[in-house]
Amino acid sequence: MATKVYRLLSPFTKPVPIRVRFKVTNDCNFRYFTCNMYRQFCAQNQQADMAAPGNRLRWDLTAEDIPVKAEELIKKSRAVYDAVGALKPEEISYDRVIKALADNNREYAVERNMIDFIQNVSADKALRDASVAADKKISEFDVETSMREDVFKILLEFEKRHGSELEGEAKRYLEKQIKLGKRNGLHLPKDVQDKIKEIKKRMSDLSIDFNKYCNEENTILEFTAEELVGLPDDFINGLEKTEEGKCKVSLKYPHYFPCMKKARNPETRKRLETAFNTRCMKENTPILEELVELRHKKAELLGFPNHAAFILDMRMAKTPERVETFLKDLAVKLQPLKDQEMKVFMEYKKEECEKYGYEFDDKFNMWDLRYYMSMVEERQYTVDHTKLKEYYPLHVVTKGLLEIYQELLCLKFEEIPNPKVWHEDVKMYSVKDSASGDLLGYFYLDLFPRDGKFGHAACFGLQAGCMGGDGKRQVAVAAMVANFTKPTQDQPSLLEHDEVETYFHEFGHVMHDICGQADFVMFSGTSVERDFVEAPSQMLENWCWEKEPLQRMSAHYKDNSPIPDDLMEKLTKSRKANAGIFNLRQIALATFDQNIHTRAKADTATLFAELTQEIMNIPSTPGTNMPAAFGHLADGYDAQYYGYMWSEVFSMDMFHSRFKKEGIMNPKVGMDYRNYILKPGGSVDGDVLLKNFLGREPTQEAFLISKGLSLD
């Protein structure tokens, strides 16, 4: 999954920074006000981890503290906006407008993240519930702030009086804030603004509820050992047992995906897939469908034909029509590959049913997909993933991954001993530039599942790297959250190869956050176009398919022996296995996302079933609705899921044009990547970042080849 994006307060969107190239005036009263606020914040957060200088986050808040902190945060922030909104035209200046808002937003972001991140990771349900409740209250305030017409008018007046004096990030910031103000309808009549405000508040509450239901999902299915035939003994032995001796299987990734890949009994897979794709269906289906209606209504009020058009206006793709063409053209190219793969799947299925006495229904079901994809890898490429995972103990993968990133990006990581964190499983590291020794930031690794925890893998940006109120840089802090199998008394945590790839991908987002050196919070780290944000991390996934990096982050958990050369070769050749059906599934999800956001309302279960049948030629299981647990749709990727495929075009071009040609561990190319792609953050448009790194405009050639497609 992508980097998590938090709703960080600003007049109309995320926080802003403070150091800009501008002729600063001497507004002493405002400078005192914002600097005093900064000092108050620091004083209130003295319990922040003293072993990690510059890290202003703290994780010792109680369920009782959280609502108090939320009220204080709202009160302080509202006072700043009130002061800016009350300015007379002749009082408008940089210090009183841009700097005042920037100081407030920077402090707000840190405090807010301490309050609402905890709902995703705390083991204490009371704390999670308090975080959710505070998140709703603060989100309501965010809506209020985004609709501050008085502040918007001050920004317009500032542009008229001082806009020509701005340059660089400051100019970009002001232009974007004014555009975002218009996207909130602040140039429209008051009655329209009121409708938009009401819709935004409702959408915010619905999105929070959608994710809460996903995080709290805790279904357990019970199976006999016979029903789990095909799964390795170490997996079955690691499962909790009922009093009757049945195995307890959850729908969390470390249980679900191994079962779907290896459980031979089709009825077992059917039970699991049905349960997995009915998660939160009762609660979240009406939430999602109401979100679709509200997004469409808001888009129409703002003069857009639909929500997708509204969203894409600020993205690289620009229009729904361009996205539709991209997805359809790629789907057509992939269909012949998929047809060949489906023919093999059906041959394997018939053979399997005859061999083990299962009924052959002469059709391919959703619960068959991962099982036969895994079988193809094992038979056609002789990749034994059960054997392969023995070479991926988590501690070895982590050590190798960290070493590779340090060498490639010229960084130095140091683990913080006994850090103050939200759970005993969490580790914390500092990040320094290896040449200068300058501290760039910190990252947390929270890698194991637990009840109530965010159920996927993601990077959470917690403290933006930007200029601070004291004129020095505020270091960046990010957390990688995942759900890898926990170690047992008998063996360490062992990763599947696709989990290693996920680890590399999400940690790439962490590095984007920490290596970003923009001055403005609005442009910090991963604050780039949503259809570009995945490209830097997707590019780094390639290291999981190259011999040297794989050797460095693998060793057999029993004797530390390396992955045998023949297994390594088979693995790298298997990368294009199932490319047709795998990528068509991504296209189906992206097409569904575009479809629901180009109409006024949607029957999500029916539409999803139609599209999977049309694009993949695989029917959805009756009675299921996978989108009800598709967190992207309520978590900032609405009308933007296509971005995974779109940005992969750029990621493959970057890898093959620079790293593959000049050396995958070449530190010069690594520094070019850090300087041209990661360092600017969103201070430069994505297409400009790419051109600076590639030395030319990007092309689709490497992307198409990576999918096993011809260039005709």
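1. Strands here are DSSP runs of E with at least two residues, helices are runs of H or I with at least four, and both are numbered from the N terminus. This is a predicted model, in which local features need pLDDT of at least 70 and side-chain atom pairs count only at pLDDT 80 or more, while totals for chains, interfaces and linings use all residues. Residues are numbered from 1 along each chain as its sequence is written, and side-chain values use heavy atoms, with hydrogens and water left out.

2. Now widen the view around that pair. Strand 5 (residues 439-446) and strand 9 (residues 476-481) run parallel and are joined by six bridges; two strands pair if DSSP finds at least two bridges between them. Both belong to an open sheet of five strands, ordered 3-4-5-9-6 with mixed pairing. At its edges are strand 3 (411-415) and strand 6 (458-463), each pairing on one side only. From one strand to the next, the twist averages 25°.

3. What lies across strand 3, strand 4 and strand 5? Helix 16 (residues 394-409) does, running at about 145° to strand 3. Such angles run from 0 to 180 degrees between N-to-C directions, with axes fitted to C-alpha atoms, for helices over the stretch in contact (heavy atoms within 4.5 Å).

4. Next, have a look at the largest nonpolar core, which has 131 residues; F443, F507 and W543 have the most contacts inside it. Helix 13 (residues 320-356) gives the most to this core, 11 residues. A nonpolar core is a set of buried Ala, Val, Leu, Ile, Met, Phe, Trp, Tyr and Cys residues joined through side-chain atoms within 4.5 Å. Buried means under 20% relative accessible area, exposed over 50%, and partly exposed in between (1.4 Å probe, protein chains only). Leaving aside residues up to four places away in sequence, F507 touches L401, L402, Y405, F413, F443, L445 and M480.

5. K318, in the loop between helix 12 (307-312) and helix 13, has a positive phi of about 75° although it is not a glycine. K318 counts as partly exposed because its relative accessibility is 47%. D362, in the loop between helix 13 and helix 14 (369-380), also is not a glycine and has a positive phi, near 60°. With 57% relative accessibility, D362 counts as exposed.

6. Of its 712 residues, 61% count as buried.
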